[in-house]
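Please look through the sequence and the structure shown here before reading on.

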Amino acid sequence: MQTPYYLIDKSKLLQNMEKIAHVREKSGAKALLALKCFATWSIFDLMREYMDGTTSSSLNEVRLGHERFGKETHAYSVAYADYEIDEVVSHADKIIFNSIGQLDRFSEKASGIVRGLRLNPQVSSSSFDLADPARPFSRLGEWDVARVEKVMDRISGFMIHNNCENADFDLFDRMLGTIEERFAPLLRKAEWVSLGGGIHFTGEDYPIDRFAERLKRFSGEYGVQVYLEPGEASITKSTTLEVSVLDTLYNGKNLAIVDSSIEAHMLDLLIYRESAKLAPNKGPHRYMVCGKSCLAGDIFGEFDFEHELKVGDRISIQDAAGYTMVKKNWFNGVKMPAIAIRELDGSIRTVREFTYADYEQSLS
Ligand SMILES: Cc1ncc(COP(=O)(O)O)c(C=O)c1O
């Protein structure tokens, strides 16, 4: 197959799905795929069997969730515009407003579906200021219990997203304790609570049964249906970006230029200044793997290889699903990676190829 392409491996995805199904079963929580993280709908047929639906951050996402995933569809957005609210409501089972201002503005229009509000407990597990929902002056949700109590007649539940890449169960447990301390009077009046995403409970060694037990206890204490919104946890380690070496150079370091671009095809790594991951990343030959865009810092990272790299060699960049395919862009007009799925029998099926027409039509 011609590189570059994203390769989703169903057998790896299934490992995450089975853990999600286990947590649902043990805890009674429902799990909604966060489309902001992963929205590659060709694989939804499989995910639908293990998850309860989707949650969204915009009109386009809520529509995609409704049309391509089905089941339960939650709508959330930092702010809805007047011209989109009717269509959002038409696609959603629940709508979660980010502020009391948005609730005031649109609660009438959304009165036919379940309505909720985002709460901000002002603590989070984020190590990046950029992604920290509890950062100073955060616009993400309401925190004043007295103000929220006044609108309880119009809402039946809450969404609280304050875990970010959190692989530490004890930290999750402590932060949920803080949420309970701060918001107990509100939680007791709620029928449902979504605890958002950012909990890496499908990772290796995560104490998944303690996690399920904690969710069940929370649900029982307040009499609420708990929801989880796993993005990264749903698709972690399921997908690679397959690239080929186009050129090698030596500039004090060995460089290998590949037919992809971190700026265009794995942008999140660049934003958070993180290296891509390669496996096995072992051997005596160290190379800086670089993208082909004009950006000087278009660098995937430095990795060790068994052999010297030469033109045409294939490299698999690991963990390329979350916040990656949803952010791919046409910078430099670099060829957009195709999307392929490795089926359970090992065969590979291409589900999407992008052409010049897609590039041209992305602008006018
Ligand atoms: C409200 C909400 N739900 C769910 C998620 C998904 O988080 P993750 O992909 O880290 O699980 C996010 C991520 O930003 C979010 O903001």
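1. The ligand is surrounded by Ala 34, Lys 36, Cys 37, Met 159, His 161, Gly 197, Gly 198, Glu 229, Pro 230, Gly 231, Glu 232 and Tyr 323; a residue is near a molecule if one of its heavy atoms lies within 4 Å of it. The model is a predicted one, in which local features need pLDDT of at least 70, side-chain atom pairs count only at pLDDT 80 or more, and totals for chains, interfaces and linings use all residues. Residues are numbered from 1 along each chain as its sequence is written, and side-chain values use heavy atoms, with hydrogens and water left out.

2. A polar backbone atom of Glu 232 is 2.8 Å from a ligand oxygen, and a backbone N or O atom of Gly 231 lies 3.0 Å from a ligand oxygen. In the side chain of His 161, an N or O atom is 3.5 Å from an oxygen atom of the ligand.

3. Two packed helices are described by the angle between their axes and the distance between the axes. Helices here are DSSP runs of H or I with at least four residues, and strands are runs of E with at least two, numbered from the N terminus. Axes are lines fitted to C-alpha atoms, for helices over the stretch in contact, and angles run from 0 to 180 degrees between N-to-C directions.

4. Helix 1 (residues 10-27) packs on helix 8 (residues 208-222) at an angle of about 40 degrees, and their axes are 8 Å apart. Helix 1 is therefore oblique to helix 8; angles under 35 degrees count as roughly parallel, over 145 as roughly antiparallel, 65 to 115 as roughly perpendicular and the rest as oblique. The contact (heavy atoms within 4.5 Å) includes Lys 19 and His 22 of helix 1 and Phe 211 and Leu 215 of helix 8.

5. Helix 7 (residues 169-187) crosses helix 8 at roughly 5 degrees, and their axes come within 12 Å. Helix 7 is therefore roughly parallel to helix 8. Among the residues in this contact are Phe 172 and Leu 176 of helix 7, and Phe 211 and Leu 215 of helix 8.

6. Most residues other than glycine have a negative phi, and most peptide bonds are trans. The peptide bond from Thr 3 to Pro 4 is cis, with omega near -5 degrees, and Pro 4 lies in the segment before strand 1 (5-9). Ala 279 and Pro 280 are also joined by a cis peptide bond, with omega about 5 degrees. Gln 122 has a positive phi, near 65 degrees.

Terms used
Polar contact = N/O pair within 3.5 Å; in protein donor to acceptor, adjacent residues only side chain to side chain.
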